[in-house]
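Work through the exercises below with the sequence and the 3D view open. Try each task before reading its solution.

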Amino acid sequence: MHDRSPSTTELTDTERLNRLRLIRSDNVGPRTFASLLRHFGDAAHALERLPDLARRGGASGPGRIASESDAAAELAACRKFGIDLVAPEEAHYPARLATIDDAPPLLGVRGARDTLMRPMIAIVGSRNASGAGLKFAGQLARDLGDAGFVVISGLARGIDQAAHRATIASGTVAVLAGGHDRIYPPEHEDLLAALLARGAAISEMPLGHVPRARDFPRRNRLISGASLGVVVVEAAHRSGSLITARMAAEQGREVFAVPGSPIDPRAAGANDLIKQGATLVTEAADVISAVTPIMERPVMLSAREDDEPLDFATDASDRARIINLLGPSPISLDDLIRMANVSPAVVRAVLLELELAGRLERHGGGLVSMI
């Protein structure tokens with residue numbers, strides 16, 4: 001059971017090096033990277049234009065552009081560690097992850113790479129899980145693995161580790177918040193080593209990156225993005241698992257929840273998801289029946305805002321009007337285009353310049369604000 005046919009595309013060594021330089025440069029995130037690559041055609045031309053675009057966005061000084069030597073050193077360290085840095089159009093990049101708006105431009109992959117080509121179901125939940133929750137998560141994961149699915153999760157304590165442990169034999173994928181050499185929590189290093197024989201680990205972070213609080217929501221978008229759907233097993237209000245469920249819904253993935261006791265706060269978030277329309281799960285068959293029709297459809301890149309062209313030939317008055325409309329309160333791109341009364345191509349170009357200058361922040365749901 002595979003999620004897509006193997007790709008025959010492979011980056012040249014030079015393009016991989018330049019793409020790594022681009023994504024490791026200041027103020028270049030996945031969305032900005034995609035816009036630059038699409039507009040300029042390759043990473044080398046995008047790198048050449050970075051200083052000018054940042055200056056046009058009002059940068060106070062030249063931003064750091066990753067050097068060839070730094071990128072080459074990172075590639076060499078990855079090879080030594082057994083990590084492949086894979087682009088979305090290459091084999092072993094999870095098919096569904098490649099379709100999200102902020103897919104990592106280069107994904108660090110380690111372990112049994114073919115695992116990433118199979119259909120995945122995410123199982124996430126409370127770090128402080130109950131015994132019943134841990135038992136159910138393990139049984140659900142095992143049943144999904146026996147049915148041919150790969151269970152993907154975040155290697156966290158509680159529900160995540162129960163799901164991983166139950167599917168070591170059938171194949172499981174751990175999504176890391178830090179670099180491949182900075183495992184969190186540290187006590188799960190043995191679990192990661194065990195699952196790599198038939199499963200895989202993925203990360204968008206460089207080696208040596210110690211995960212911080214803000215890195216976990218970034219990791220969560222990869223868990224949901226790579227999967228057909230996300231199953232939440234025990235989640236309190238305002239938990240990271242609910243962030244994953246929200247991201248799954250935004251990405252067009254199925255959201256599932258396991259009901260729990262109404263007097264257990266660890267189940268409050270999952271119960272609320274069911275009230276909001278998530279599919280109730282009491283056995284693996286509930287998940288399988290919901291995702292089977294999705295698997296029968298080909299995985300295709302959907303149209304994104306970044307697919308639209310950019311227009312850097314911006315009139316000074318148009319630029320000033322766009323910037324004046326921006327402030328600390330987030331505004332949607334559609335509202336900005338309508339209020340500025342200029343073409344989407346111009347607005348996107350100005351936003352890209354501001355972002356490269358470190359003056360713009362992107363939020364979920366297509367919202368942007370000035371920093």
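**Exercise 1.** Is Leu155 buried or exposed, judged by its relative accessibility?

Solution. Some ground rules come first. This is a predicted model, in which local features need pLDDT of at least 70 and side-chain atom pairs count only at pLDDT 80 or more, while totals for chains, interfaces and linings use all residues. Residues are numbered from 1 along each chain as its sequence is written, and side-chain values use heavy atoms, with hydrogens and water left out.

Step 1: take the cut-offs. Buried means under 20% relative accessible area, exposed means over 50%, and partly exposed lies in between (1.4 Å probe, protein chains only).
Step 2: apply them. Leu155 has 0% relative accessibility, so Leu155 counts as buried.
Step 3: locate the residue. Leu155 belongs to the loop between E4 and H6. Here helices (H or I, at least four residues) and strands (E, at least two) are DSSP runs, numbered from the N terminus.

**Exercise 2.** In which order do the nine strands of the open sheet stand?

Solution. Step 1: state the pairing rule. Two strands pair if DSSP finds at least two bridges between them.
Step 1: read off the order. It is E1-E2-E6-E5-E4-E3-E7-E8-E9, with mixed pairing.
Step 2: find the edges. Strand E1 (84-86) and strand E9 (279-280) each have a single partner strand, so one side of each has no neighbour in the sheet.
Step 3: check two pairs. Strand E5 (residues 172-175) and strand E6 (residues 200-203) run parallel and are joined by three bridges; Val175 has Ile202 as its bridge partner in E6. E7 and E8 also run parallel, with five bridges, and Val230 is paired with Val255 in E8.
Step 4: check burial. Four of the five residues of E8 are buried, so E8 is largely enclosed by the rest of the structure.

**Exercise 3.** Which strands does helix H5 (residues 131-146) lie across?

Solution. Step 1: list them. They are strand E3 (120-125), strand E4 (150-153), strand E7 (229-233) and strand E8 (254-258).
Step 1: H5 runs at about 175 degrees to E3. Axes are lines fitted to C-alpha atoms, for helices over the stretch in contact, and angles run from 0 to 180 degrees between N-to-C directions.

**Exercise 4.** How many of the 11 residues of helix H1 (residues 13-23) are buried?

Solution. Step 1: count. Nine are buried, so H1 is largely enclosed by the rest of the structure.
Step 1: name examples. Among them are Glu15, Arg16 and Leu17.
Step 2: find their surroundings. The buried residues of H1 pack against helix H2 (30-40), helix H3 (43-56), helix H4 (68-81) and E1.

**Exercise 5.** Follow the strands E10, E11 and E12.

Solution. Step 1: E10 and E12. Strand E10 (residues 331-332) runs antiparallel to strand E12 (residues 367-370), with two bridges between them. Ile331 is opposite Val368 in E12.
Step 1: E11 and E12. Strand E11 (residues 360-362) is joined to E12 by three bridges, again antiparallel. Arg362 is opposite Val368 in E12.
Step 2: the hairpin. Four residues lie between E11 and E12, and Gly365 in this hairpin has a positive phi near 75 degrees.

Terms used: Contact means heavy atoms within 4.5 Å.
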